[in-house]
Amino acid sequence: MTSADLDHLLATTPARSPHRCCFLLHVRPERLVDYVAAHQDVWEEMREALTTVGWRNYSLFLRPEDGMVVGYFEADDVDAAQEAMGRAAISPRWEAAMAEYFAPGGGEKQVLPQYFHLA
């Protein structure tokens with residue numbers, strides 16, 4: 001199987017969903033405690049914005065050994081919800097506050113393709 005075959009399979013699998021999104025981030029290992037602590041008291045304005053634009057069941061998971069963060073959320077339309085969150089007034093402030101925790105390039109969401117779903 002070539003990478004083109006894999007790309008085609010991932011793009012056409014019926015398991016893909018416009019309602020679920022999983023992504024990776026990478027936190028600097030030396031900043032993990034502060035990063036996790038910051039998420040114990042997420043700003044109310046940020047929580048409200050996420051809810052308003054349609055993010056549901058939003059969860060973050062951490063692999064402490066290397067700072068890999070796995071994020072997951074659901075929305076009626078994931079692409080529209082992400083775009084709306086990008087336009088939310090609070091987004092630039094939150095992203096600026098979180099930027100210090102990420103490894104170089106690690107704060108840019110790497111969205112993972114879905115290829116299986118057991119309903």
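The model is predicted, so local features need pLDDT of at least 70 and side-chain atom pairs count only at pLDDT 80 or more, whereas totals for chains, interfaces and linings use all residues. Residues are numbered from 1 along each chain as its sequence is written, and side-chain values use heavy atoms, with hydrogens and water left out.

Consider the sheet to begin with. Strands of a sheet pair through backbone hydrogen bonds, either parallel or antiparallel. Here an open sheet of four strands runs in the order β2-β3-β1-β4, with antiparallel pairing. Because β2 and β4 (110-112) stand at the edges with a single partner strand each, one side of each is left without a neighbour in the sheet. Strand β1 (residues 20-26) pairs with β4 over three bridges in the antiparallel sense, and C22 stands opposite L112 in β4. Strands are DSSP runs of E with at least two residues, helices are runs of H or I with at least four, and both are numbered from the N terminus; two strands pair if DSSP finds at least two bridges between them.

Helix α3 is the next element. An α-helix has 3.6 residues a turn, so residues three or four places apart point the same way. In α3, M46, A49 and L50 are buried (buried means under 20% relative accessible area, exposed over 50% and partly exposed in between, with a 1.4 Å probe and protein chains only). Seen down the axis of α3, its buried residues fall within an arc of 100 degrees, so they line one face of the helix; the arc is that of the directions from the helix axis to the C-beta atoms. The face turned away from the buried side of α3 carries the exposed residues E44, T51 and T52. After α3 comes G54, whose phi is positive, near 105 degrees.

The aromatic rings form a further topic. The whole structure contains seven aromatic pairs. Rings of Phe, Tyr and Trp (its six-membered ring) pair if their centres lie within 6.5 Å; planes under 30 degrees apart count as stacked, over 60 as edge-to-face and the rest as tilted. The rings of W43 and W94 have centres 4.9 Å apart and planes at 90 degrees, so this pair is edge-to-face. Because W43 lies in the loop between α2 (32-38) and α3 (44-53) and W94 in helix α5 (residues 91-99), the pair ties together parts that are 51 residues apart in sequence. W43 is partly exposed, at 32% relative accessibility, whereas W94 is buried, at 10%.
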